[in-house]
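My notes follow in the order I went through them.

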Amino acid sequence: MAKESMIRRNNNSYDAVIVGAGANGLAAAVRLALEGFSTLVVERNSTVGGSARSEYLTLPGFLHDVCSAVHPLALASPFLESLGLQKYGLEFIQPELPVAHTIACGIAVAMHRSVAETAAALESDAISYRRLFEPLVTKLRSLTSEFLRPILHVPRDPWTWMRFSLAGLAPANYLAKRRFAGEPARALFAGLAAHGCVPLEAPGSAAFGLVLGMLGHGTGWPIPRGGTQAISNALAALLLSLGGKIETGIEVRRLEDLPQARVVLLDLTPHQFVQIAGERLPAHYRRRLQRFRYGPAVFKIDYALRDPIPWSSEICRRAGTVHLGGTLREVAAAERAVSDGRHPEQPFVLLVQPTVWDPTRAPSGCHVAWAYCHVPNGSSLDMTGRIEDQIERFAPGFRDCVLSRHMMQPADLEKHNPNLIGGSISGGANDIAQLIARPVLSLKPYRTAISGVYLCSSSTPPGPGVHGMCGLHAATTALQDVLLRHR
Ligand SMILES: Cc1cc2nc3c(=O)[nH]c(=O)nc-3n(C[C@H](O)[C@H](O)[C@H](O)COP(=O)(O)OP(=O)(O)OC[C@H]3O[C@@H](n4cnc5c(N)ncnc54)[C@H](O)[C@@H]3O)c2cc1C
């Protein structure tokens with residue numbers, strides 16, 4: 001019998017059914033199970049994790065993070081921290097340097113865990129760098145709890161939140177030029193901000209640089225031992241220990257196919273919700289969801305390497321993540337091209353070298369590397385050559401180290417996980433309008449127009465990243481609306 005019909009004929013009923021076993025779906029299920037409610041998670045793939053999974057993509061023995069790889073947000077997440085996931089096998093490793101940014105062959109700038117040490121190498125910008133990041137790092141806990149929730153909220157520490165928001169509202173290139181005189185500091189900040197997948201001239205783009213810089217200093221940019229899958233496995237193991245159930249290999253096509261439940265939480269993006277809800281969605285709400293925009297995509301390559309990457313700058317060898325971007329101007333031009341629907345000749349490449357720190361992921365002496373660049377949504381251009389030219393620019397001889405490579409275009413990413421619409425990795429465009437109205441303008445954005453049905457994916461606040469906070473907030477809303485009311 002097909003698994004879809006098995007789930008339809010399943011006569012069990014649950015307090016909560018969650019569709020999608022991504023970090024947010026699992027976090028939502030854990031939150032509800034911790035309150036003693038019966039939960040079932042239904043996942044289309046054969047393994048849990050969604051965009052937090054690891055697989056042998058190239059050669060036997062070489063384990064790759066299929067999507068997410070570096071996890072400052074998981075470490076900063078107050079919800080994940082509260083769960084004690086280390087009891088379920090999760091261990092974070094801190095690379096010596098969170099990030100290195102390449103400026104030219106043999107020249108790179110480092111972000112150290114310490115603000116002072118980072119600033120010291122920025123010479124004339126040392127004081128400005130400390131002035132920018134020290135107050136943020138001092139207020140790390142307070143700020144983290146503010147930005148890991150809907151933007152429209154009453155802040156617990158209004159003064160700190162207002163100062164952060166005012167700085168974050170600026171375009172990243174404006175902030176970088178205004179605060180810093182030298183290229184190293186400007187380029188470093190540009191690389192951090194470019195994670196946001198928005199042009200660096202866009203209002204609000206500075207916020208990504210501030211958050212990632214603050215986390216780099218405050219929590220580090222760690223990698224999980226044994227790959228990102230360890231985060232998902234730990235969440236799943238905790239859920240099972242609480243009595244929750246997980247059914248994999250079941251693609252939900254219609255809400256009616258789900259077993260009876262008092263609440264349904266969807267770890268899906270708005271357009272997928274429109275598809276599976278069908279006529280049950282009122283026309284006005286459906287139109288609002290259909291207006292949701294997905295933003296740029298990525299072209300990703302995973303490498304099996306015979307040797308460590310032969311960086312020309314020693315700084316890059318000591319970093320977990322390396323930004324291959326050149327100057328502020330170069331990074332800004334690459335991100336501008338993508339947002340205009342073009343493919344940059346010299347893309348801004350994000351590269352992670354996990355096996356320098358976690359040798360469990362490759363055969364002895366060998367390595368894996370993870371790299372991607374931004375491309376327009378739905379792009380089908382092969383960016384392999386351009387990505388490798390950028391790596392070679394800063395690590396001459398890199399191609400000679402490659403034993404095997406595995407490429408994923410946007411369509412491949414979407415095949416792997418239907419939430420990655422057109423290859424978009426953020427659950428939706430990250431522009432300022434859509435960070436506020438995510439997925440629609442509402443004080444309770446997790447509620448939908450169908451009573452008892454909630455969205456809990458990264459298309460809801462606080463947005464992308466493996467932090468589980470979208471799941472936590474959606475589950476809390478469902479508890480308040482339904483489950484705790486009629487216990
Ligand atoms: C290439 C890439 C790199 C990234 N790098 C990082 C990083 O380094 N650090 C970081 O913090 N974040 C990173 N991110 C972002 C982060 O991975 C995501 O924001 C986060 O994992 C989203 O979690 P989620 O639970 O909202 O959704 P997802 O992880 O997308 O989970 C959704 C789940 O729903 C399932 N599903 C979809 N449709 C159905 C259906 N009809 N029926 C049943 N199941 C269904 C999917 O199979 C999937 O398992 C990256 C993302 C990508 C794609």
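This is a predicted model: local features need pLDDT of at least 70, side-chain atom pairs count only at pLDDT 80 or more; totals for chains, interfaces and linings use all residues.

**Entry: cis peptide bonds**

I went to Pro439 for its backbone. The bond joining Arg438 and Pro439 is a cis peptide bond, with omega about 5°. I then turned to Pro462, which sits in the loop between β16 and α21 (469–483). The peptide bond from Pro461 to Pro462 is cis, and its omega is near 5°. I wrote these down because most peptide bonds are trans.

**Entry: positive phi**

Which residue in the loop between α5 (115–120) and α6 did I stop at? I stopped at Glu123, found in that loop. Glu123 is not a glycine, yet its phi is positive, about 45°. Its relative accessible area is 66%, over the 50% cut-off, so I call Glu123 exposed.

Cys197 also went into the notebook, with a positive phi near 65° in a residue other than glycine. I find Cys197 in the loop between α10 (183–193) and α11 (205–218). Is Cys197 buried or exposed? Its relative accessible area is 8%, under the 20% cut-off, so Cys197 is buried.

**Entry: the ligand site**

I looked up what surrounds the ligand. There are 35 residues around it, and Glu43, Ser51, Asp267, Asn417 and Gly465 come nearest. By class, the shell holds 16 nonpolar, 15 polar and 4 charged residues.

Which elements supply at least two residues each of that shell? I get α2 (23–34), β2 (39–43) and β14 (367–375). The largest share, 3 residues, comes from α2.

Next I checked polar side-chain atoms against the ligand. In the side chain of Glu43, an N or O atom is 2.6 Å from an oxygen atom of the ligand. For Asn417, a polar side-chain atom lies 2.7 Å from a ligand oxygen. For Asn45, the distance from a side-chain N or O atom to an oxygen atom of the ligand is 3.3 Å. The ligand taken alone exposes 1000 Å², and the protein buries 95% of that.

**Entry: the second largest pocket**

I looked at the second largest pocket, which has a volume of about 300 Å³. It is lined by 15 residues, and Pro135, Leu136, Thr160, Arg163 and Phe164 are the closest to its centre. Two or more lining residues each come from α6 (126–138) and α8 (158–168). I noted that α8 gives the most, with 7 residues. The lining divides into 10 nonpolar, 1 polar and 4 charged residues.

**Entry: cavities**

How many cavities of 30 Å³ or more does a search of the whole structure find? I have 2 in the notebook.

The largest cavity holds about 40 Å³ of space. Its lining is Leu63, His64, Asp65, Ala69, Asp302, Pro354, Arg361, Val368 and Trp370. I see β4 (64–65) and β14 as the elements that give two or more residues to this lining. By class I get 5 nonpolar, 1 polar and 3 charged.

The second largest cavity has about 30 Å³ of space. I listed Leu305, Pro308, Ile309, Gln353, Thr355, Val356, His367 and Val368 as its lining. That lining has 5 nonpolar and 3 polar residues, with no charged ones.

I picked Asn419, in the loop between α19 (410–416) and α20. Its relative accessible area of 15% is under 20%, so Asn419 is buried. Its side chain makes a polar contact of 2.9 Å with the side chain of Gln272.

Leu443 is in the loop between α20 (432–436) and β16 (453–455). At 68% relative accessibility, I count Leu443 as exposed. From Leu443 to Ile301 I have 142 residues in sequence and 39 Å in space, C-alpha to C-alpha.

Met407 lies in strand β15 (residues 402–408). Its relative accessibility is 33%, so Met407 goes down as partly exposed. Met407 and Ala478 are 71 residues apart in sequence and 39 Å apart in space, C-alpha to C-alpha.

Notes
Residues are numbered from 1 along each chain as its sequence is written. Side-chain values use heavy atoms; hydrogens and water are left out. A residue is near a molecule or strand if one of its heavy atoms lies within 4 Å of it. A polar contact is a pair of N or O atoms within 3.5 Å; within protein, one must be able to donate a hydrogen and the other to accept it, and residues adjacent in sequence count only if both atoms are side-chain atoms. Accessible areas come from the Shrake-Rupley method with a 1.4 Å probe; for residues, only the protein chains shown count as cover. Helices (H or I, at least four residues) and strands (E, at least two) are DSSP runs, numbered from the N terminus. Ala, Val, Leu, Ile, Met, Phe, Trp, Tyr, Cys and Pro count as nonpolar, Asp, Glu, Lys and Arg as charged, and the others, Gly among them, as polar. On a 1 Å grid over the protein atoms alone, a cavity is a set of points where a 1.4 Å probe fits but cannot get out, and a pocket is an open set with protein on both sides within 12 Å along at least five of seven lines; lining residues have an atom within 4 Å of a point. Grid points are joined across faces, edges and corners, and a volume is the space filled by probe spheres set on the points. Buried means under 20% relative accessible area, exposed over 50%, partly exposed in between (1.4 Å probe, protein chains only).
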